[in-house]
Amino acid sequence: ISEGDLNRYLNILAFLDFQVSMMLSDPSMQKQLTQFKRIILKGYAAELVIAKEVKREDEFRKQAQKEMQTLEKSLKEHSVPLDKGEKAPKNLEEAIKGKGFTKAELEDFIVRSLQRNEYFKSQLKGMEYDKVKVNHILVAFNLDEEGKKKRSDADAKKRAEEVKKKLESSGDFKKLAKQYSDDPGSKDKGGEIEGSADQFVPEFANAVRTLPLNKISDPIKTEYGYHVVKVVERSKESFEKASEEIKQQKLQQLNQEYIDKKLKVKILL
């Protein structure tokens, strides 16, 4: 992969992903840019290797062309002029003009992405994941804007132990979650969360895989604070029948494992 190849790849990423675009253009991120490029290079190299293994290029090129039509339609519908005198792009060619890549190169990029997804999707066949449904209350360390703890470790643990005692004394999980939990995503839903155990941080994931059902746990410490947990349901489910969100999480994990363990590259940046 030459430097020109990498820059072209980055230009396409920046066109498709606003966060990448911001990172590449932000002067304050220049120190992190080399490390970011190393990460991107490994992903790019993995795509090239996987594309040779998966093949079926004609099939994926037809899919890619459909995706490009969808992208063009989206650009027409959602593009807004940046300045009063600037017109929104009429088509994809106009949208990518001066961006550092061609329409054909964008199509090749999408083809490789589809080949990579197919490679890892094929690995999901026969694989299972731990599906869990839990109630939990998080007593957070409550970091301030500077990252300093407003609630000490000891205070958080003590508060979590109080929550556990109340739950064991027939306390209402929904009411206590609303009162005590610092998890904005679940406190108003009775502390209920559901999905793959893999989506959680390691300490929490291990707990929900091993705790007895319907028992109130001791406070479990993670980087976020202390969790009091009750596992309501637990089962083995096929990834093929999983939600798209759970599938994508697993595909990302498989992709990273491939880069870390199977891919052998020498980077000369």
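A: Happy to. Rings of Phe, Tyr and Trp (for Trp, its six-membered ring) form a pair when their centres lie within 6.5 Å. Planes under 30 degrees apart count as stacked, over 60 as edge-to-face, and the rest as tilted. Please keep in mind that this is a predicted model.

With that in hand, Tyr9, Tyr44 and Phe109 form one aromatic cluster. The structure holds nine aromatic pairs. One of them joins tyrosine 9 to phenylalanine 109: the ring centres are 5.2 Å apart and the planes stand at 55°, so this pair is tilted. Because tyrosine 9 lies in helix H1 and phenylalanine 109 in helix H6 (residues 103-123), the pair ties together parts that are 100 residues apart in sequence. Both tyrosine 9 and phenylalanine 109 are buried.

Tyrosine 119 is in helix H6 and tyrosine 258 in helix H10 (residues 244-262), so here the parts tied together are 139 residues apart in sequence. Tyrosine 119 has a relative accessible area of 12% and is therefore buried. Tyrosine 258, at 8% relative accessibility, counts as buried as well.

Now back to H1, the helix that carries tyrosine 9. With 14 residues at 1.5 Å a residue, H1 should span 20 Å, and its end C-alpha atoms are 20 Å apart, which agrees. Which residues of H1 are buried? They are Leu6, Tyr9, Leu10, Ile12, Leu13 and Ala14. An α-helix has 3.6 residues a turn, so residues three or four places apart point the same way. What covers the buried residues of H1 includes H2, H3 and H6.

Let's look at the packing against H3. Two packed helices are described by the angle between their axes and the distance between the axes. The axes of helix H1 (residues 3-16) and H3 come within 11 Å and cross at roughly 95°. An angle of 65 to 115 degrees counts as roughly perpendicular, and H1 and H3 are therefore roughly perpendicular to each other. On the H1 side the contact is made by Asp5, Leu6, Asn7, Tyr9, Leu10 and Leu13. On the H3 side it is made by Phe36, Lys37, Ile40, Leu41, Tyr44 and Glu47. Sorted by class, this contact of H1 with H3 has eight nonpolar, one polar and three charged residues. Tyr9 and Tyr44 belong both to this contact and to the aromatic cluster.

H3 also packs against H2. The axes of helix H2 (residues 18-25) and helix H3 (residues 30-54) come within 9 Å and cross at roughly 130°. That angle makes H2 oblique to H3. Val20, Met23 and Leu24 from H2 meet Gln30, Leu33 and Phe36 from H3. By class, the contact of H2 with H3 has five nonpolar residues, one polar and no charged ones. Phe36 therefore has a place in the contact of H3 with H2 as well as in the contact of H3 with H1.

Finally, follow the chain past H3. Arginine 56 lies in the loop between H3 and helix H4 (57-78). Most residues other than glycine have a negative phi. Phi of arginine 56, however, is near 50°, a positive value in a residue other than glycine. At 39% relative accessibility, arginine 56 counts as partly exposed.

How values were computed
Residues numbered from 1 in each chain as written. Predicted model: local features only at pLDDT ≥ 70, side-chain atom pairs only at ≥ 80, totals over all residues. Heavy atoms only, no water. Axes fitted to C-alpha atoms, helices over the stretch in contact; angles between N-to-C directions. Helix = DSSP H or I, 4+ residues; strand = E, 2+ residues; numbered from the N terminus. Parallel < 35°, antiparallel > 145°, perpendicular 65-115°, else oblique. Contact = heavy atoms within 4.5 Å. Nonpolar A, V, L, I, M, F, W, Y, C, P; charged D, E, K, R; others polar. Buried < 20%, exposed > 50% of the residue type's maximum accessible area, 1.4 Å probe, protein only. Expected span 1.5 Å × (residues − 1).
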